[in-house]
Amino acid sequence: MTPGSDIKNWLLSNFADDVKFNEPMSRHTSFRVGGPADVFVNPKLREDAITIINQAKKINVPVLVIGGGTNLLVKDTGIRGIVMVLSDLSGTIEATPCELNKVIVKADAGIKTHALCKFAMDNGLKGMNFAIGIPGTIGGSISMNAGTGLGAMEGVVRSVDILSETGQLITVNKDELNFSYRNMSWADTNPTGSFKPIIFSGTFCLQKGNRESVKKEADELMKSRNINQPVSLPNAGCIFKNPAPENPAGKLIDLAGLKGKKIGDAQISEKHANFIVNTGNASASDIIELLELARKKVAGKFNIKLETEVQIVGS
Ligand code: EPU
């Protein structure tokens, strides 16, 4: 539902510094594409974020909370309702030793995933290197169960602070969360069933290790990522999930002969075929057309159905 003037006026009177109207989402996505959000809010205080979400819910205005916009394809027509980012909330990373060789690290949702990896590296903590080079924020990474061939968030998350369906901030332990390949939901016991919660912070269980060896491994992973992935052009990471470990999407699209294929300014990367890059002024529809082409060619050649990993949103 498009927000009416009542909520717009309420937002302006209470959170004027944090609100924009008709804000192009191309400014907030790593793909650098996407039409306008009716309302875009970047609250500075956690309480304000919660107040806005709860108020919008009360009057049935949809709120989409996004992380770093790094795994997101926003359609050219934009997003109806409110888009909220949590990256301007003041955030911290704190470590507390627990059992013998373990440390619990708490990080707020708006913090960059890379900052958590660096914190772990600087403190000689093992466990986060799988995420080296994954762009985006802690909230987005947990929500998408972000990962690589070396691991995923589910391997390190211990608990999350989320907004419950009734609008309260609650802590949920990992065993109550449903993690699956690039997805996470809360197996809530209430009658409405499982839902995708808004995450405000997470705790992670890491192991004490050696600073130099954690750093060495991280440097090598970063080097390999820079060689194998198109890091210098706007993109949203891997477009498709890997249908199976032995059939990575990049290899299938490559074998379908699509490397370098362009529609408008959207191109299947020459470096890695599971990436689409924006070589200039690509539109979301160029990208969608290109990913549909990849899906069709791979289905035709291998009889394998590719599923998008990137989240496609918008009206
Ligand atoms: N390959 C090709 N052609 C290509 C690309 C890849 O033949 O154009 C082959 C490679 O040679 C390799 C295999 O496909 O044998 C797998 O490629 P790669 O090692 O690059 O890993 P991937 O499965 O394509 C995964 C994650 C990436 C992550 C890398 C590095 C998924 C969908 N992708 O890619 O994550 O960065 O491992 O660990 O799980 C992301 O999630 O956005 C993402 C990019």
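Me: Which atoms of arginine 225 and the ligand pair up, and how far apart are they?

Reply: Think of a polar contact as a pair of N or O atoms within 3.5 Å; within protein, one must be able to donate a hydrogen and the other to accept it, and residues adjacent in sequence count only if both atoms are side-chain atoms. Here, an N or O atom in the side chain of arginine 225 sits 3.1 Å from an oxygen atom of the ligand. A polar side-chain atom of glutamine 229 is 2.8 Å from a ligand oxygen, and for glutamate 309 the distance is also 2.8 Å. Keep in mind that this is a predicted model, where local features need pLDDT of at least 70, side-chain atom pairs count only at pLDDT 80 or more, and totals for chains, interfaces and linings use all residues. Residues are numbered from 1 along each chain as its sequence is written, and side-chain values use heavy atoms, with hydrogens and water left out.

Me: Which residues around the ligand come nearest, and what classes make up the shell?

Reply: A residue is near a molecule if one of its heavy atoms lies within 4 Å of it. There are 20 residues around the ligand, and Cys238, Asn242, Asp254, Ala273 and Glu309 come nearest. By class, the shell has six nonpolar, eight polar and six charged residues. Nonpolar covers Ala, Val, Leu, Ile, Met, Phe, Trp, Tyr, Cys and Pro; charged covers Asp, Glu, Lys and Arg; the others, Gly among them, are polar. H6 supplies the largest share of the shell, three residues.

Me: Which residues of helix H7 are buried, and why do they lie on the same side?

Reply: Helices are DSSP runs (H or I, at least four residues) and strands likewise (E, at least two), numbered from the N terminus. Buried means under 20% relative accessible area, exposed over 50%, partly exposed in between (1.4 Å probe, protein chains only). An α-helix has 3.6 residues a turn, so residues three or four places apart point the same way. In H7 the buried residues are Ala284, Asp286, Ile287, Leu290, Leu291, Ala294 and Val298. They share one side of H7 because they cover an arc of only 165° around the axis, taken from the directions from the helix axis to the C-beta atoms. The face turned away from that buried side carries the exposed residues Lys296 and Gly300.

Me: Is serine 159 buried or exposed, and which side chain does the serine 159 side chain contact?

Reply: Serine 159, in strand S11, counts as buried because its relative accessibility is 7%. Its side chain makes a polar contact with the side chain of threonine 203, at 2.7 Å.
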